[in-house]
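Me: I'd like to go through this one with you, one topic at a time. Here it is.
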Amino acid sequence: MNGGWRAWLRLFAVQGTWNYERMLGVGMGYAAEPLLEDLKTVDPVRHTEAVVRSAEFFNCNPNLAGLALGATARAEYDAVMGDQLFWAGLVPLLVAAALIGVVLGVTWWAVVGFLVLYNLARIATGVWALRTGLDAGMGIGTAIAQSWISKAIEWVGPAAGFGIGAAIPLVAAWYLEDIGWPAAFGALAVAATGVAVTRWFGASLTTVRFTLLALVLLVLFRWMLP
Amino acid sequence: MTDLAPSSALLLVIWGTLVALDLVSVPQAMIARPVVAGAVAGWLAGDVEAGLRVGVLFELFALDVLPVGAVRYPDYGPATVAATALAADSPWQFALGQSAALGLAIAVLGGFGLQLVRRANARAIQHYSAALAAGESGAIRRLQYGSLLRDAMRGAGLTALGLACAWVLGHYAWLDRSTALGLTLVAVGCGLSAVIGGALRSAGRGPRLRWLGAGALVGLIAAALR
């Protein structure tokens, strides 16, 4: 987390937008902005939400506002660790393994194995999290920093990348080998176009919108040019 | 589409409701993942192969989603159930495209429904604001159960709507074989574009990108050796 000095300077103006509705809230949001900047690259959606939260109602002595500012900024980064561990790490890793299992013909083992492994990890993490929270109290930030989570994130992210990378060609072959490779090249061309177009247009053209558009256009063309 | 017995249709609606609840509300055990929802829906509809083909395809789309914070995303669980019902008892090469179109439309509708449920939850909280401010734990429980009920109703309604649309499409929307095959190729191509786009976005430019590439290489070799 960078931006500490800029946040400290901005704390001198923490009462700049003092009002009866949010009191110091907006000033705190202004001071929090540099601290939350790194979050923009790690998790842009959470960054926006964190900015919203940072400017909510708040009141305290302005000389001690830095205590609350530092703690809340730290909490935003700690919250991201959970997303990196589960949504960007463990879930795609296990889903990739399940997809590979289905493609290789061990369907029910793959599906049940996915559910069992995920839920074991999730239950164990839940028990650990509650115990750690109860034991550490206000020292939770240090407890998280010293825990296994950072190390787990370091390996689960690359492992998920490897798993997804391995699953993509296997899944593609699973669908396309039955259809015949000349037609399969058409599907791969659609895939390449989809990646390029959705990256170009960003959030305004999601892959779901692109797919629905392509399917409707195909039916229309077939209807007009039988 | 197979003509579902009323008992099978009812079981599919119950399964769709459970997977819709699992997405966010309770228990997040990952039964909402399309590969799981599709395998079970295929088993309930009497065609596990159809469920797997649909489930794996929607999993490619779901891997494009990082469900953090208040980000909006489609609900692929009930969509997978409805699309599986449409694809059941037909050669998947000709049924998958049409099923994907139906499923994606239902998934988008499900995501929209999720926003409506969240807004309704916010209204309910406002309604109980006095009780909450007074510290009434009964109000907290009523709010929690009411929210779960709203989400369950969303899932049941969405699945029932999807099954009704599947029945109409299965009986009245006749497509010639080349159009049906074309739709399948487009759907598979778009699914691949979704998972590749999502994987590249998650990988960024760090070590995860190298692991993604290594995994793709291993997957290509494995696909060639199958």
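Reply: One term before we start: contact means heavy atoms within 4.5 Å. This is a predicted model, where local features need pLDDT of at least 70, side-chain atom pairs count only at pLDDT 80 or more, and totals for chains, interfaces and linings use all residues. Residues are numbered from 1 along each chain as its sequence is written, chains are lettered from A and ligands numbered from 1 in the order in which they are written, and side-chain values use heavy atoms, with hydrogens and water left out.

Me: OK. What share of chain A's contacts with a separation of 6 or more comes from residues 24 or more positions apart?
Reply: 68% of them.

Me: And how many helices and strands does chain A have?
Reply: Ten helices and zero strands.

Me: What radius of gyration does chain A have?
Reply: 24 Å, whereas a compact globule of 226 residues would have one near 17 Å. The radius is taken over C-alpha atoms, and the globule rule is 2.2 Å times the number of residues to the power 0.38. The C-alpha trace of chain A spans about 75 × 45 × 25 Å along its principal axes.

Me: How much of chain A is buried?
Reply: 44% of its 226 residues. Buried means under 20% relative accessible area, exposed over 50%, partly exposed in between, with a 1.4 Å probe and protein chains only.

Me: Take A:A96. Buried or exposed?
Reply: A:A96 has a relative accessible area of 0%, so it is buried. It is found in helix α5 of chain A, residues 65-103.

Me: What does A:A96 touch?
Reply: Neighbours within four places in sequence aside, A:A96 contacts A:G163, A:I164 and A:A167. A:I168 sits 72 residues from A:A96 in sequence, with 8.6 Å between their C-alpha atoms.

Me: Now A:R122. Why does it count as partly exposed?
Reply: Because its relative accessibility is 29%. A:R122 lies in helix α6 of chain A, residues 107-136.

Me: Switching to chain B. How do the axes of α4 and α7 cross?
Reply: At roughly 25 degrees, coming within 8 Å; α4 is residues 76-87 and α7 is residues 137-172. So α4(B) is roughly parallel to α7(B). Axes are lines fitted to C-alpha atoms, for helices over the stretch in contact, and angles run from 0 to 180 degrees between N-to-C directions. Under 35 degrees is roughly parallel, over 145 roughly antiparallel, 65 to 115 roughly perpendicular, and the rest oblique.

Me: Which residues make that contact between α4(B) and α7(B)?
Reply: From α4(B), B:P78, B:V81, B:A82, B:A85 and B:L86; from α7(B), B:L158, B:T159, B:G162, B:L163, B:A166, B:L169 and B:G170. Nine are nonpolar, three polar and none charged. Ala, Val, Leu, Ile, Met, Phe, Trp, Tyr, Cys and Pro count as nonpolar, Asp, Glu, Lys and Arg as charged, and the others, Gly among them, as polar.

Me: And how do α3 and α5 of chain B cross?
Reply: Helix α3 (residues 48-62) and helix α5 (residues 92-127) come within 10 Å and cross at roughly 50 degrees. That makes α3(B) oblique to α5(B). Their contact residues divide into eight nonpolar, two polar and two charged.

Technical notes: Helix = DSSP H or I, 4+ residues; strand = E, 2+ residues; numbered from the N terminus.
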